[in-house]
Amino acid sequence: MPMFKLDGKEVPFQPGDTIIRAAARAGIDIPHYCWHPGLSVAANCRMCLVEILPEPGRKALSLDVLSWDPASGSLRPKRKPKLQPACQIPATDGMVVLSDQSPHVLEARAAVQEFLLLNHPVDCPICDQAGECKLQDYWLAHQRTGKRMRDEIVHKPKAVSFGPTIVYDAERCIVCTRCVRFCAEIAKDPVLEKRERGNLSEIAVSPGRQLDHPYSLMTEHVCPVGALTSKDFRFKARVWFLRSAKSVCQGCATGCNAWLDFDPRYQRAYRYRPRDNEQVNGHWMCDEGMLSYRSAHKERIVDATIERKQVRVEAAIARAAELLSALPLERSAVVLSAQHSNEDNFALVTLAKSHLGIGEFFLAGKPWGEGDAILRNADKNPNTAGANDVATTTPPRPFDQLVQAIEDGRITHVIALGSAVPMDDERARAALKKLRVLISIATWDGALPACGTVVLPACSWAEADGTWVNAKRIAQRSLRALQPAGNARPGWELVARIGSSMQFPMKWARLQDVHRAMAPEAGAIAAPSPEP
Amino acid sequence: MNQEPKSPAAESAPQPRRGGGIIGKKLPRPDRSPSVQSYVPEIAKGMGVLLDHFFRNTRDMVFGQRNDPVLEALEPGINTISYPEQKRPYPERFRGLHRLTTREDGSPRCVACLCCSTACPAQCIYIEPAEYPEGDARRGYERYPARFVIDELRCIFCGFCVEACPCDAIRMDTGAHAVPYDSRDQFVYHKDLLLSFANRRGDHQTRNPRAESPDPGWPGIDRLGKHG
């Protein structure tokens with residue numbers, strides 16, 4: 001692999017790499033605003049300027065400048081090297097680049113910082129980017145001086161609503177055009193553009209349009225400063241109070257990798273941020289997915305019920321075990337859920353197939369929705385592939401066949417995982433009400449728990465570790481962020497407790513116990529695919 | 001426990017004595033004469049000191065020579081303060097109970113940035129931010145505290161919140177300290193109570209004003225007019 005030298009360190013690169021990309025891959029950070037690994041190069045922020053030494057025997061590219069000489073108190077002509085943007089210059093073999101080691105680069109960074117902050121309102125206390133703002137980080141790292149301009153700053157529009165999700169503040173904007181490039185290149189909807197020039201330039205929405213494409217929240221995420229803020233998150237929390245958990249988006253079968261940001265003090269999730277994974281989502285997520293963090297708290301089932309009466313979870317488990325021990329096998333069915341993790345589905349399959357001997361499997365989940373060619377999948381369930389995999393020999397059948405069977409009177413007893421049904425809700429409810437016994441293990445309100453004889457509260461994805469298989473059949477592990485809401489417990493644990501109270505060998509106390517049980521027959525689905 | 005076999009040499013060695021009773025100087029028993037046992041001379045001595053102070057204070061009061069008990073008096077004499085009717089003045093920079101300063105229109109100056117609760121080492125400040133209602137001039141620019149709660153029992157009065165506040169919205173210049181209450185939850189001060197406190201001059205505003213909504217220096221104003 002060809003190499004170049006960055007601050008005396010050998011950095012390998014692939015042909016076509018720019019200096020900054022090769023450095024980023026090697027884990028070296030060259031300060032930058034406008035460069036983003038997933039977007040085209042704009043080279044307009046000038047923060048990534050580096051000094052490239054001339055080849056041996058050739059003259060350095062240099063500029064005549066006047067520099068202040070404090071000794072004589074006057075400006076003196078001087079020569080200094082011409083710096084070049086690391087985001088735009090392709091790396092070549094044997095190139096020698098100075099970044100942190102060049103005094104000219106350090107001077108240029110401080111100057112660029114001062115320019116970028118020249119007309120900045122410095123309203124960090126009321127800015128939602130504070131704490132994760134590149135201007136703050138780089139001021140501390142590269143400037144550390146006040147600005148010398150004493151004039152009133154240029155005032156520009158503030159709190160401009162760009163659309164249903166985004167608010168724009170032109171005074172905080174450094175016009176790096178990341179949002180413009182994102183809309184044009186990734187979202188394929190060039191709705192943003194830069195207008196005016198110099199210190200009056202700002203981002204504008206196309207006349208007659210709004211920033212309302214399905215990836216609008218990503219413009220806020222790519223914004224390195226507080227110019228674009230999301231209406232959903234702004235004014236809600238301060239980022240330094242939030243902790244992040246490695247999560248997998250539950251919005252659709254794409255299974256985008258995400259950070260679930262939550263406040264551990266109030267046990268509340270505040271937002272989703274994309275987590276880079278080239279195999280799955282690159283650097284991006286859709287609006288629907290980014291807002292799906294809300295379902296960690298919305299419409300949750302947090303208490304066990306028997307016949308609509310709230311009971312303790314132990315009592316509900318005992319009642320479920322009692323009902324299951326008197327099950328007419330030929331008229332019983334099991335519903336797996338594409339909204340639940342592999343572990344939950346595996347636990348139910350183990351109980352139903354290996355121990356109870358039920359052979360009828362059906363698959364529930366949310367109905368399909370809109371998809372596109374960028375990220376969004378029409379299948380709005382995060383684990384359809386995984387739930388199908390778990391029941392290896394008897395793949396689950398579509399849910400409407402179960403409803404048909406109930407309407408015909410062939411099925412009277414059902415154990416169901418999951419909440420929503422992928423069909424007409426009214427018809428499903430009418431059919432499910434006919435059941436003699438419906439044991440429902442559910443996280444959210446829906447047709448299944450609404451008709452359940454015994455309802456057990458299951459943890460959401462944010463409250464338990466789990467493995468999810470996306471549409472590309474990549475198994476991904478998502479980690480717990482929050483404490484279980486109310487009396488909720490992980491789905492596999494509820495199933496295992498029902499099983500062990502029926503004297504079946506399902507004494508699983510931890511997720512590792514489930515994984516150990518999964519290994520022999522299910523193989524790959526227990527282990528997440530390797531991360532890049 | 002390790003039980004090592006004792007060597008014969010260790011057994012025969014002389015053991016130092018331990019716990020050999022109280023060793024000290026013997027004191028003579030106090031004099032138990034009738035004058036001591038009856039306490040009469042000692043009581044008379046004590047009454048003498050008391051009456052001495054009584055007559056001296058009375059004389060000082062009658063002739064107006066008594067020190068002002070409220071002011072810090074370095075002169076000799078008895079300075080009795082009838083607390084809480086009389087109080088020693090606290091120093092100018094005394095950190096007392098918190099107050100929330102207001103703008104000229106009476107609304108809280110606080111923008112719920114949570115800098116104070118971040119800086120607070122005792123974690124006694126809880127703020128719930130909210131957005132101004134539709135139609136308010138400040139909607140979209142700033143937020144305000146829907147709830148602002150300080151637990152004065154947990155507070156260690158370090159003043160970090162005052163220093164952290166970028167808007168001069170919280171101050172500790174009330175010159176008062178929390179009075180004793182009946183229950184702990186009465187020490188949990190909410191926004192309205194904190195706003196009702198004034199500084200020592202009876203002022204609810206801050207002495208460090210900044211540009212506010214109608215002023216031209218307010219950052220929220222679109223001066224160019226042609227944008228929007």
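**A helix and its surroundings**

Mentor: Read from the N terminus, the elements of chain B follow the order α-α-α-β-α-β-β-α-β-β-α, which amounts to 6 helices and 5 strands, where helices (H or I, at least four residues) and strands (E, at least two) are DSSP runs numbered from the N terminus. This is a predicted model, in which local features need pLDDT of at least 70 and side-chain atom pairs count only at pLDDT 80 or more, while totals for chains, interfaces and linings use all residues. Residues are numbered from 1 along each chain as its sequence is written, and chains are lettered from A and ligands numbered from 1 in the order in which they are written.

Chain B has 228 residues, of which 18% count as buried, a residue being buried if 20 or more other C-beta atoms, placed from the backbone, lie within 10 Å of its own, exposed if 12 or fewer, and partly exposed in between. Among the contacts in chain B with a separation of 6 or more, 64% come from residues 24 or more positions apart, a contact requiring C-beta atoms, placed from the backbone, within 7 Å.

The buried residues are G491(A), W492(A), E493(A), L494(A), V495(A), A496(A), R497(A), I498(A) and G499(A), and just after the helix, Q503(A) takes a positive phi of about 70°.

Helix 13 (residues 491-501) of chain A packs with helix 7 (residues 313-325) of chain A at an angle of about 60°, the two axes lying 9 Å apart. That makes helix 7 of chain A oblique to helix 13 of chain A, since angles under 35 degrees count as roughly parallel, over 145 as roughly antiparallel, 65 to 115 as roughly perpendicular and the rest as oblique; the axes are lines fitted to C-alpha atoms, for helices over the stretch in contact, and angles run from 0 to 180 degrees between N-to-C directions. On the side of helix 7 of chain A, I317(A), A318(A), A320(A), A321(A) and L324(A) meet L494(A), R497(A), I498(A) and S501(A) of helix 13 of chain A. The residues of this contact divide into 7 nonpolar, 1 polar and 1 charged.

Elsewhere in chain A, strands 13-14-15 form, in that order, an open sheet of 3 strands with antiparallel pairing, where strands pair if DSSP finds at least two bridges between them. Its edge strands are strand 13 (243-248) and strand 15 (268-274) of chain A, each pairing on one side only, and neighbouring strands of this sheet are turned by 30° against each other on average, direction ignored. Strand 13 of chain A is joined to strand 14 (residues 257-263) of chain A by 6 bridges, with R243(A) opposite F262(A).

A hairpin is formed by strand 10 and strand 11 of chain A, with 6 residues between them and a positive phi of about 60° at E196(A) in the turn. Strand 10 (residues 192-195) and strand 11 (residues 202-205) of chain A pair in the antiparallel sense over 4 bridges, and E193(A) stands opposite A204(A).

Key. Two residues are in contact if their C-beta atoms, placed from the backbone, lie within 7 Å. Ala, Val, Leu, Ile, Met, Phe, Trp, Tyr, Cys and Pro count as nonpolar, Asp, Glu, Lys and Arg as charged, and the others, Gly among them, as polar.
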